[in-house]
Amino acid sequence: MEESSSSSVGRFAVLKGKIKTRTIVLNILAEFIASILFSILYFIFISRYISPNFSIDFITLSYGVGLAYFAAVYIPFHTFRIHVIPFITIISALRKKQLKFFWYKIPAQIFGGLIGVLLFNFINQETTQVNIYDLHKIHYANPWMMAFVNFVTAGILCYGFFIIRVFFRKRKVSGTILMGLLITVIFSLTGLMSNVSALNPFGLMFYDILTEKTLYLHPWYFSLLIHVVAPLFATLLVYYRLKYSLSENGESDKVVPLNEKIMKNYDI
Amino acid sequence: MSKLNLGSVILGERRYQSLVLFGLQERTFLRLLALFLVLSAVLYPYPRLAMWLGFMLAGYSAIANDSIQTIGTFISSNSEQKWWKLWLYIGGIFVVTVFYSWIVYDGDVTYQRLSSPEFSESPTSFHFLQIAAPIVLLLLTRLKMPVSTTFMLISCFSASSSGIFSVTQKSLFGYGVAFVVAMVVWYALSGIIKRITSGTPHPAWRISQWLISGWLWSMWITHDAANIAIFLNRKLTTIDFVIFASFIFFGLGLLFYLRGDKIQKIITEKSDTEDVRSASIIDIVYLFVLFVFKEWSNIPMSTTWVFLGLIGGRELAMQFSKNSETNRSVTQTLKMIGRDILFATIGLLVSVSIAIAVNPSIQKELAVYFGWE
């Protein structure tokens, strides 16, 4: 009797392990496909805005980028647990205290970004033939200023993500639509500025590397500061600020009841 | 405290819950539609690619939606037959019918349905909404709405509002004629029909039903191949024709394998459609009406509206006839007819909106008509 019960427990553990592995593999695949989709659509919409053959205004382009994010999250997998943007992955990993997210989501985003840019470069060569950086009309000579803009952009992105997905508990289609709108707003504010990479860091990195456009304009440490340190710092700052604020009010960021106290605290 | 939800406030709790349930049940299908929308957004500026993408989407959506009128009764009354037998028969007729038109009309597979001035030019560029229209049609089909594929797909390509107006006029007239014909046939001949359809059907009925269905199917193709081919060049090369015919042929295979799309329910909910003799009578009356309209003019028309008129008139006649049983009250029958008309009208409004959004010349005509310009 005991033997059969222990064997069934063992079988259950094996099955649980298998399901877990399968979920992780599917998540990696979904993240990879989503990153390809986002990168390719992001660059295609920008290239159409720049190309004289299309008549697209900037606000339509901003909505296009928001829609690209929505499509990337919605299409590949039904769980809506796709991040696409690494800063969102970081803040999610910290919130859930699951650092394994880094090991399977970030590499998928990197490879997805690479494939997306390769595909875009091919399409661009055959069709629009534009330089994506022609989009930028506002240039800062001071790299510290660029770092600051990237810092603020990543901060707004992470704060918005936290509000939508955690406080509003919008984790499915409606949350993804709100995230798409957030991306639209952020892009409409920062899209014309040069060196703002927080929305599509890996895509822009590979575009830089493959087309040799801007990476070499600054010394490597400034590039690191602008594109890695500043947005990372913003992500950590947002996370710990919100965590502190929640703990001060006796709330946890894990299970958030949608009660009046939370509503009042965050002016929803 | 119950959770306040904007969706339920706007739509009402019950409708909102149905919508949420639909989203959950059809999540894979909806993700697939989103993927097609993305593909359309990426490919619409490149005519050669957009043309084929539009054709593929239109091909499946038109046949899935219109299948209720043509092969719907055939599928429901042959449910015991192997799917591939039905597919080979209907697919074979499709290939032969379009091949005949392609040969006789010098590369045109539409039986000259697109020869009127509003549609005669091959599309050289596409608007995003033109490619997205079949995706909307796929969604409406999944919602079991019998939308007119002619309105949905053809009106987006009309060069002027007169094109849409003439198609609408002919289709509404078609609805009326079919409704009256069906009322007359199923009321006046109800005694004969009852006698024919009672007892076990003679094996000859099966053969005649296959022949009638095949003929009806080929008649539908002569009307509605235009809906699919409107995305393509007006004269197809040999390679174009092979791609065109084989895609639809294999698409039909999928449809038969699935035993009709979800819209098939429109047919199965109607009275006596699974009996081979009833199905044959419906088909032959429908065939007759389509034939008259085909000979009447080359303007495309909505065969969906004709079919809804026919099926509506039949239900009402059966309701009033002493020789028929429908198992529902007059109010229920009228509600059913009204619901079909409502859905078809929604489809019409959506398609006209798309046509207006796509076409600047129609926008200008409307502005002049309403005195805004």
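In which helix of chain B does B:Phe55 lie? The residue belongs to helix α4 (residues 47-66) of chain B, helices (H or I, at least four residues) and strands (E, at least two) being DSSP runs numbered from the N terminus. The model is predicted, so that local features need pLDDT of at least 70 and side-chain atom pairs count only at pLDDT 80 or more, while totals for chains, interfaces and linings use all residues. Residues are numbered from 1 along each chain as its sequence is written, and chains are lettered from A and ligands numbered from 1 in the order in which they are written.

B:Phe55 is classed as buried because 22 other C-beta atoms lie within 10 Å; the class requires 20 or more such atoms, 12 or fewer denoting exposed and values in between partly exposed, with C-beta atoms placed from the backbone. With residues up to four places away in sequence left out, B:Phe55 touches B:Ile228, B:Phe231 and B:Leu232, a contact being a pair of C-beta atoms, placed from the backbone, within 7 Å. By contrast, a distance of 34 Å separates the C-alpha atoms of B:Phe55 and B:Val181, which are 126 residues apart along the chain.

Chain A contains nine helices and zero strands. Of its 268 residues, 38% count as buried. Among contacts in chain A between residues at least 6 apart in sequence, those joining residues at least 24 apart make up 78%. In helix α7 (residues 201-211) of chain A, the buried residues are A:Pro201, A:Phe202, A:Gly203, A:Leu204, A:Phe206, A:Tyr207 and A:Asp208. A:Glu212, which follows α7(A), has a positive phi, near 50 degrees.

The largest nonpolar core comprises 161 residues, such a core being a set of buried Ala, Val, Leu, Ile, Met, Phe, Trp, Tyr and Cys residues joined through C-beta atoms within 7 Å. Helix α1 (residues 2-50) of chain A gives the most to this core, with 14 residues. Among the residues with the most contacts inside the core is A:Tyr69. Beyond four places in sequence, A:Tyr69 touches A:Phe38, A:Val84, A:Met179, A:Gly180 and A:Ile183.

Between the chains, 10 residues of chain B are in contact with 10 residues of chain A. On the side of chain B that touches chain A, helix α3 (residues 27-43) of chain B gives the most, with six residues. By class, this side has six nonpolar, one polar and three charged residues, where Ala, Val, Leu, Ile, Met, Phe, Trp, Tyr, Cys and Pro count as nonpolar, Asp, Glu, Lys and Arg as charged, and the others, Gly among them, as polar.

Technical notes
Contact = placed C-beta atoms within 7 Å.
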